Amino acid sequence: MKIETIILREIRMGLKSPFETSFGIMQDRRIVLVEVIADGVSGWGEVTATEGPFYNSETTDTAWHIISDFIAPAVIGKSLGTAAEFATLMNGIRGHEMAKAGVENALWDVESQQKRVSLSKLLGGVREEIVCGVSIGIRTDPTTLVKKVEEEVLRGYNRIKLKIKPGKDLAFVSAVRKSFPAIQLSVDANCAYQLEDALHLKKLDDFRLLMIEQPLQWDEINGHAQLQAQLESPICLDECITHARHAFTAITWRACRVINIKLGRVGGHTEARRVHDLCSGHEIPVWCGGMLESGIGRAHNVALSTLTGFTLPGDVSASQRYWDEDIIEPEVEVTERGTIHVPQTPGLGYKVRSRLIDQLAVRTHRWHAAMAVQA
Ligand code: OSB
Ligand code: MG
């Protein structure tokens, strides 16, 4: 595939309601979308960076900068055999996984359309239906949280994940567990605790949690190993795992028993599959994380979740939970059983609403390959 055109757009999309985590509140999303046209076929990817450097070090603006000044100039006009070759070309750029993933995933969309298979099949996926959970933001008090959990349980979601932080943890988790003794329940701290909090975190063992996600610092694998040794609840790493090498380190040191795979955080489908394969080889279950994506990022998450190792419900939920109107058609819908049917048509399997995207765009930049000059 010859990369003829790259179009970068930043769109604004307001979440239906604010989403609070230990690192801040998100509501007005600034999302960078990547469209790549190769051999006349258009593919789409999403940059999952947040607006500020609080989840990881990337932001909407750093991704725009890295793609504009380094990635697009490096690949425009190039011919690649497969989307996976893009990952090799990116080896020289350190970090900026979310920026890379936006472009690489657009190429996977192109490749699956060219090969006339669904993205899921191209990735090696085996499921036609995936199991969904939800991630619930921090609430003011336990009663409000219990009400929200009830709503999502009634919708059919198969695992409830509660965001926690110091001061908004034990009482909240305890109230939810009391009201719902049998649900699959997990918590996510987004790095809000220290190893010195081990005795406090150990109290979470009382609530039969499926896992405790990323309690300690974003780059702290050794501390998680020490904490895991003191906890019965499995630790799941999110922020710490930006590539398969980190996954290998974390598994070898027993820093976690579960890994959350996010396409943006690990740099795209190629590295996501490497992390997945490594985890499968070590009997570490994985699940697909979310970054409050628009329909494009969500469609990529649906496809990734069909690989065999994704045995736990992911944070891939219905478009309707996030947006009044999503940028794909049909929107991502969740069945009464809390599952998503995986599209079987070539490419993403959802139609990209390019006219709506152009309306939502606040900036656009295009790169075109130089035309071959005829003698
Ligand atoms: O840690 O999983 C996280 C959202 C933004 C940043 C980090 C995280 C999250 C979520 C939401 O938990 C998952 C989703 O519903 O997309
Ligand atoms: Mg997380």
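## The second largest cavity

Let's start inside the protein: in this predicted model, helix α12 gives the most to the lining of the second largest cavity, with three residues. The volume of the second largest cavity is about 50 Å³. Its lining consists of S118, L119, S120, A299, V302, A303, V342, P343, G347, L348 and Y350. The elements that give two or more residues to this lining are α4 (119-123) and α12.

## The largest cavity

By the rule used here, the count comes to two cavities of 30 Å³ or more. The largest cavity has a volume of about 90 Å³. Of the 15 residues that line the largest cavity, E46, T48, N105, L263 and G264 lie nearest its centre. Two or more lining residues come from each of β3 (41-47), α3, α10 (263-266) and α12 (295-304). Here it is α3 that gives the most, with four residues.

The class make-up of this lining is five nonpolar, seven polar and three charged residues. Domain 1 (3-116 + 354-374) and domain 2 (121-351) each supply at least three residues to the lining of the largest cavity.

## The largest pocket

Now for the open spaces. The largest pocket has a volume of about 650 Å³, and 42 residues line it.

Which element provides the largest share of the lining of the largest pocket? That is β1, with seven residues. The elements that each supply at least two residues are β1 (3-21), β2 (24-38), β5 (134-136), α5 (142-155) and β6 (160-163). By class, the lining of the largest pocket holds 16 nonpolar, 10 polar and 16 charged residues. Domain 1 (3-116 + 354-374) and domain 2 (121-351) each contribute at least three residues to the lining of the largest pocket.

## The second largest pocket

The second largest pocket holds about 390 Å³ of space. It has 18 lining residues, and those nearest its centre are A87, M90, N91, K100 and E271. Helices α2 (84-89), α3 (97-114) and α11 (269-281) each supply at least two residues of this lining. Sorted by class, the lining of the second largest pocket has five nonpolar, six polar and seven charged residues.

## The magnesium site

Next comes the metal. The magnesium ion (ligand 2) is coordinated by D188 (OD), E213 (OE) and D238 (OD), at 2.1 to 2.3 Å. Two of these residues sit in separate parts of the fold: D188 is in strand β7 (residues 185-188), and D238 is in the loop between β9 (235-237) and α9 (244-252), so the pair ties together parts that are 50 residues apart in sequence.

Along the chain, the donors of the magnesium ion (ligand 2) follow the spacing D-x24-E-x24-D. Are D188 and D238 buried or exposed? Both D188 and D238 are buried.

## The chain as a whole

Stepping back, the secondary structure of the chain comes to 13 helices and 15 strands. Its radius of gyration is 20 Å, close to the 21 Å that the globule rule gives for 375 residues, so the chain is as compact as a globular protein of that length. Along its principal axes, the C-alpha trace spans about 75 × 40 × 35 Å. Of the 375 residues in the chain, 58% are buried.

## A look at T308

T308 counts as partly exposed because its relative accessibility is 48%. T308 and Q230 are 78 residues apart along the chain, and their C-alpha atoms are separated by 30 Å.

Methods: Residues numbered from 1 in each chain as written. Chains lettered and ligands numbered in written order. Predicted model: local features only at pLDDT ≥ 70, side-chain atom pairs only at ≥ 80, totals over all residues. Heavy atoms only, no water. 1 Å grid on protein atoms, 1.4 Å probe; cavity = no way out; pocket = protein on both sides within 12 Å on 5 of 7 lines; lining within 4 Å. Points joined across faces, edges and corners; volume = space filled by probe spheres on them. Nonpolar A, V, L, I, M, F, W, Y, C, P; charged D, E, K, R; others polar. Domains from an automatic or database assignment. Donors = N, O, S within 2.8 Å, 3.2 Å for Na, K, Ca; no water. Buried < 20%, exposed > 50% of the residue type's maximum accessible area, 1.4 Å probe, protein only. Rg over C-alpha atoms; globule rule 2.2 N^0.38 Å.
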